[in-house]
Amino acid sequence: MEENKELEKPHKRRVRYKGTHPRKFEEKYKELQPEKYKDTIEKVIRKGSTPAGMHISICVQEILDFLQIQPGQKGLDCTLGYGGHTRKMLECLQGEGHIYGLDVDPIEIVKTTDRLRKAGYGEDILTIIQQNFRNIDLVAEEHGLFDFVLADLGVSSMQIDNPERGFSYKVEGPLDLRLNPDKGISAAERLRELTRDEIEGMLRENAYAEQIAKEIMRTFRQGEQIDTTGQLKEVIERALVFLPDDKEKKDIIKKTCQRTFQALRIDVNSEFEVLEEFLEKLPHILAPGGRVAILTFHSGEDRLVKKIWKRQQKEGLWSEVAKNVIRPSKEECHRNGRARSTKMRWAIK
């Protein structure tokens, strides 16, 4: 009798789905299982939100219209993410040709690989490689030149929404912010390394850089830690305590948090250095006539792409470069709020 009791496993109750849109990430089990709960996913998307654990691809039609993918071609998706863009590009190949997908994130690449394999895209048409896109030259050395290339420079919604990754000030989690949590140091560790002047320089596009840098250093001097997203948010709020208490202050704190987290993420992942290295190698991994589209999400990225492509065109590396950016439609921005800051640029070898 006692042996039977030991063998009995306690009944594990299912997490209760709180309301139509629960707040905590781990409680959103319906959104985290899109295949099983399609109605819930459709409902969330209709509201203009992105379901937890998902990423809604941006400018899909604009990208396809420009790339003009033909069956038999070879393509490279430098930022695989959730696999939405890759899947649409695979459809254009109609079973002929090959796409190589890169992603630096060891957590999401496993989920996306499984998702695309289950959708019927085997190794005969899709090769997925855990690799930083700064190393596209190594990929081309092994697999040859590409007819089309896509780079979506935005952080995926799956990463932003997961509190364990520390990308958002809106939810409590470790202050990590690494695209690859297996490499480098976390944002919390990085902050402890920097001087006040270095923090201020990192936040140079932030109107309150000086106040935030000062408050971060004061926090450390008092023996307190900034190890979580919530703690950094509190530091920012203390730095802006001098602002009048009104609705405008709330909006300023929100924007300042967004910009501070973004600047810290860019620093932790060396995003500008990675992008510059990628752009310098890009013309050399494309076949003659090859096409490339890049999605940027903040002014620093867009300026860098524009500047380097302008210089490369003068050097004869591009036959044609977009004179103006392409933006998502108003309808797309309404359906997906995260598309609002997107700019697409393109170039032809």
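This report describes the nonpolar cores and the salt bridges of a predicted model.

## The largest core

In soluble globular proteins, nonpolar side chains tend to be buried together. The largest nonpolar core in this model holds 31 residues, and L175, L191, L232 and L264 touch the most other members. Several helices each supply at least two residues of this core: helix 8 (187-193), helix 9 (196-202), helix 10 (209-221), helix 11 (229-239) and helix 12 (247-268). Helix 12 gives the most, with seven residues.

What does L175 touch, leaving aside residues up to four places away in sequence? Its contacts include A187, A188 and L191, and also I226, L232, F261 and L264.

The model has a count of 21 salt bridges. One of them joins the side chains of D105 and R165, with an N to O distance of 2.9 Å. These two residues are 60 residues apart and lie in distant parts of the chain. D105 is in the loop between strand 2 (98-103) and helix 5 (108-118), while R165 is in the loop between helix 7 (157-161) and helix 8.

Are D105 and R165 buried or exposed? D105 has a relative accessible area of 0%, so D105 is buried. R165 has a relative accessible area of 5%, so R165 is buried too.

R238 and E215 form another salt bridge, and their closest N and O atoms are 2.9 Å apart. This pair also links distant parts of the chain: R238 belongs to helix 11 and E215 to helix 10, 23 residues apart. R238, with a relative accessible area of 30%, is partly exposed, whereas E215, with 10%, is buried.

Terms used. Residues are numbered from 1 along each chain as its sequence is written. This is a predicted model: local features need pLDDT of at least 70, side-chain atom pairs count only at pLDDT 80 or more; totals for chains, interfaces and linings use all residues. Side-chain values use heavy atoms; hydrogens and water are left out. A nonpolar core is a set of buried Ala, Val, Leu, Ile, Met, Phe, Trp, Tyr and Cys residues joined through side-chain atoms within 4.5 Å. Buried means under 20% relative accessible area, exposed over 50%, partly exposed in between (1.4 Å probe, protein chains only). Helices (H or I, at least four residues) and strands (E, at least two) are DSSP runs, numbered from the N terminus. Contact means heavy atoms within 4.5 Å. A salt bridge is a side-chain nitrogen of Lys or Arg within 4 Å of a carboxyl oxygen of Asp or Glu.
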